[in-house]
Amino acid sequence: MVIISHIIAMSILLFAAFSEGFTVSGDQPSKPSQSQLFFTNDETKSSPAPAVTAKASPPIVKGKKPYITKLSSLDELKYFLQEDDRMAAIKFYAPWCKTCQRLGLQFTRLATELGDGIASRKMVEGQLRFAEVAYSPQTNHFVQDQLQVQAVPTLQLYHGFHKLWQRSGTKDTRDLRDTVLTLEFKTNEELLILGEEQDDGILQLAIEDTMFDQPDFLNEEW
């Protein structure tokens, strides 16, 4: 009877333990990263966001579909930044990165709120423009070497060729949104001055380097 009582007690304990389930911490990437310089911070615990003053959101046009430009080269980035004097938000991501996928949903929502889009078959102009760059073997030189983006996901904010703001490894768009809403009432002249103060010069250097890659027809032997 004593043995049977022990067996019953052990069975009850085992059942209770398994009924609670198991917790697996962190998302395991389905693919290894393409470069040691790139990482996904799925397993990194985020620290509490600092308190910020609530800002009024602009009204969202009903049924609006955001327009996010896809970029894959330095030339495409140059043309994108040159064709408009509004600020531009750019997301750098990798398709296999789960943190990038979660950030992408918020980036799309922010583009719906603040960016260009289509509603009722009409183009709706937003406060700024949105673009994204997917990291791949084809864009490796553009992303890592020319723009020196060392981690995905990375968010950047530009005015013209000047980088106003950057955040790497972020899991949400709160800082980007707050920055945009803080700068929305500045004139183009004020943004130019701010851009010259904040810019790290990486894009300008990349553009200057490509000028020397062009063939020199004057010195070419015929």
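How many of the residues of β3 are buried? In this predicted model, β3 is mostly covered, with 7 of its 7 residues buried. From this strand M87, A89, K91 and Y93 point one way, while A88, I90 and F92 point the other way, and all of them are buried.

## The sheet around β3

The strand belongs to an open sheet of 5 strands, arranged in the order β2-β6-β3-β7-β8 with mixed pairing. Its edges are formed by β2 (68–71) and β8 (162–168), each of which pairs on one side only, and the twist from one strand to the next averages 25 degrees. Strands of a sheet pair through backbone hydrogen bonds, in either the parallel or the antiparallel sense. Here β3 and β6 pair in the parallel sense over 6 bridges, whereas β3 and β7 pair in the antiparallel sense, also over 6 bridges. Strand β7 (residues 154–159) is in turn joined to β8 by 6 bridges, and these two strands run antiparallel.

## Aromatic rings and the charges over them

A pair of aromatic rings is described by the distance of the centres and the angle of the planes.

| Pair | Centre to centre | Angle between planes | Type |
|---|---|---|---|
| W96 and Y135 | 6.2 Å | 70 degrees | edge-to-face |
| F107 and F130 | 5.2 Å | 75 degrees | edge-to-face |

W96 lies in the loop between β3 (87–93) and α3 (98–114), and Y135 in the loop between β6 (129–134) and α4 (140–146), so this pair ties together parts that are 39 residues apart in sequence. W96 is buried, with a relative accessible area of 11%, and Y135 counts as buried at 4% relative accessibility. The rings of F107 and F130 form an edge-to-face pair because their planes stand at 75 degrees, with the centres 5.2 Å apart. This second pair also links distant parts of the chain, with F107 in helix α3 and F130 in strand β6, 23 residues apart; both F107 and F130 are buried.

Charged side chains also sit over rings. K91 lies over the face of Y93, at 4.6 Å from the ring centre, and R129 lies over the face of F80, at 4.0 Å from the ring centre.

Is T170 buried or exposed? T170, whose place is in the loop between β8 and α5 (174–183), counts as buried at 11% relative accessibility. Leaving aside neighbours within four places in sequence, T170 is in contact with T99, L103, P153 and L155. A polar atom of the side chain of T170 lies 2.9 Å from the backbone oxygen of D172. The C-alpha atoms of T170 and P153, which are 17 residues apart along the chain, are separated by 6.6 Å. P153 itself is placed in the loop between α4 and β7, and a cis peptide bond joins V152 and P153, with omega about 0 degrees.

## Helix α5

Helix α5 is mostly covered, with 7 of its 10 residues buried. The buried residues are L176, R177, D178, T179, V180, L181 and L183, and they pack against β3, α3, β7, β8 and α6 (188–198).

## Positive phi angles in loops

R121 has a positive phi of about 65 degrees although it is not a glycine. R121 lies in the loop between β4 (117–119) and β5 (122–124) and is exposed, with a relative accessible area of 84%. Q148, likewise not a glycine, has a positive phi of about 55 degrees. The place of Q148 is in the loop between α4 and β7, and with a relative accessible area of 40% Q148 is partly exposed.

Terms used
Residues numbered from 1 in each chain as written. Predicted model: local features only at pLDDT ≥ 70, side-chain atom pairs only at ≥ 80, totals over all residues. Heavy atoms only, no water. Phe/Tyr/Trp six-rings, centres within 6.5 Å; stacked < 30°, edge-to-face > 60°. Helix = DSSP H or I, 4+ residues; strand = E, 2+ residues; numbered from the N terminus. Buried < 20%, exposed > 50% of the residue type's maximum accessible area, 1.4 Å probe, protein only. Lys NZ or Arg CZ within 6 Å of the ring centre and 35° of its normal. Pairing = 2+ DSSP bridges. Axes fitted to C-alpha atoms, helices over the stretch in contact; angles between N-to-C directions. Contact = heavy atoms within 4.5 Å. Polar contact = N/O pair within 3.5 Å; in protein donor to acceptor, adjacent residues only side chain to side chain.
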